[in-house]
Amino acid sequence: MSSTFFTWLRSPAAREYFFSTHFWGPVANWGLPIAALADLRKDEEVISGTMTTALACYSYVFMRFAWMVQPRNYLLFACHFTNATAQTVQDIRFVNYWHYGGREKKYGITRDTIENSKSEVKGDVTKAVEAAREEAKKVAGK
């Protein structure tokens, strides 16, 4: 197996492959999945749901392209498969954080804390309104 690979590596076909866009296009594209994998460690607060979804869809489209082009471009397929997977994970993190209670869990917010805060704010607003009315009466009385 390895001798066959090394024989191919020394052949004109290998040189033709390594000096083609069939090789360098995917190599240049690997920046996307590398960045996506690095972003998996970042806080969910900074994830852009729109951009993440767009990048995932972009990679799904190019996965199909890499599979359908002749000869098949396995390197491009692997690049976009990696990116699509990472972006999908990011999308799941985004949806969980913003729509399924991840943010509340992170900050320790519960229904009780929300209700308590609402009643505190309502009390503060009521006091402020009463103080403003008293001040208005004083000004009107002068």
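User: Take S59 to begin with: is S59 buried or exposed?
Analyst: This is a predicted model, and in it S59 counts as buried, because its relative accessibility is 0%. S59 sits in helix 5, which covers residues 49–68.

User: And what does S59 touch, leaving out residues up to four places away in sequence?
Analyst: With those residues left out, S59 is in contact with H80, N83 and A84.

User: What about A66, buried or exposed?
Analyst: A66, which is also found in helix 5, is buried, with a relative accessible area of 1%. Residues up to four places away in sequence aside, A66 touches R72, N73, L76 and F77. The C-alpha atom of A66 is separated by 61 Å from that of V125, and these two residues are 59 apart along the chain.

User: How confident is the predictor, and which element has the lowest mean pLDDT?
Analyst: The protein averages a pLDDT of 88, and 98% of the residues score at least 70. Among its elements, helix 2 (residues 12–18) has the lowest mean pLDDT, at 80, while helix 5 has the highest, at 96.

User: Switching to aromatics, how many pairs are there?
Analyst: The count comes to eight aromatic pairs. One of them joins Y58 and F62 in a tilted arrangement, with 4.9 Å centre to centre and 50° between the planes. Both residues lie in helix 5, four residues apart, which is about one turn of the helix. Y58 counts as partly exposed at 31% relative accessibility, and F62 is likewise partly exposed, with a relative accessible area of 30%.

User: What kind of pair do W67 and Y74 make?
Analyst: The ring centres of W67 and Y74 are 6.1 Å apart and the planes stand at 80°, so this pair is edge-to-face. W67 is partly exposed, with a relative accessible area of 36%, whereas Y74 counts as exposed at 53%. Ring pairs also link W67 and Y74 with F77 and F81 into a cluster.

User: Which peptide bond is cis around P71?
Analyst: The bond from Q70 to P71 is cis, with omega near -5°, and P71 is found in the loop between helix 5 and helix 6 (74–99). For context, most peptide bonds are trans.

User: Now charges: how many salt bridges does the structure hold?
Analyst: It holds five salt bridges, and among them is the one between the side chains of R93 and E44, at 3.6 Å from N to O. R93 lies in helix 6 and E44 in the loop between helix 4 (31–39) and helix 5, so this pair ties together parts that are 49 residues apart in sequence. R93 is buried, with a relative accessible area of 18%, but E44 counts as partly exposed at 23%.

User: What about K137 and E134, how far apart are they in helix 8?
Analyst: K137 and E134 are three residues apart in helix 8 (residues 111–141), which means that about one helical turn separates them. Their side chains meet in a salt bridge of 4.0 Å, N to O. K137 counts as exposed at 57% relative accessibility, and E134 as partly exposed at 45%.

Methods. Residues numbered from 1 in each chain as written. Heavy atoms only, no water. Helix = DSSP H or I, 4+ residues; strand = E, 2+ residues; numbered from the N terminus. Buried < 20%, exposed > 50% of the residue type's maximum accessible area, 1.4 Å probe, protein only. Contact = heavy atoms within 4.5 Å. Phe/Tyr/Trp six-rings, centres within 6.5 Å; stacked < 30°, edge-to-face > 60°. pLDDT = per-residue confidence, 0-100.
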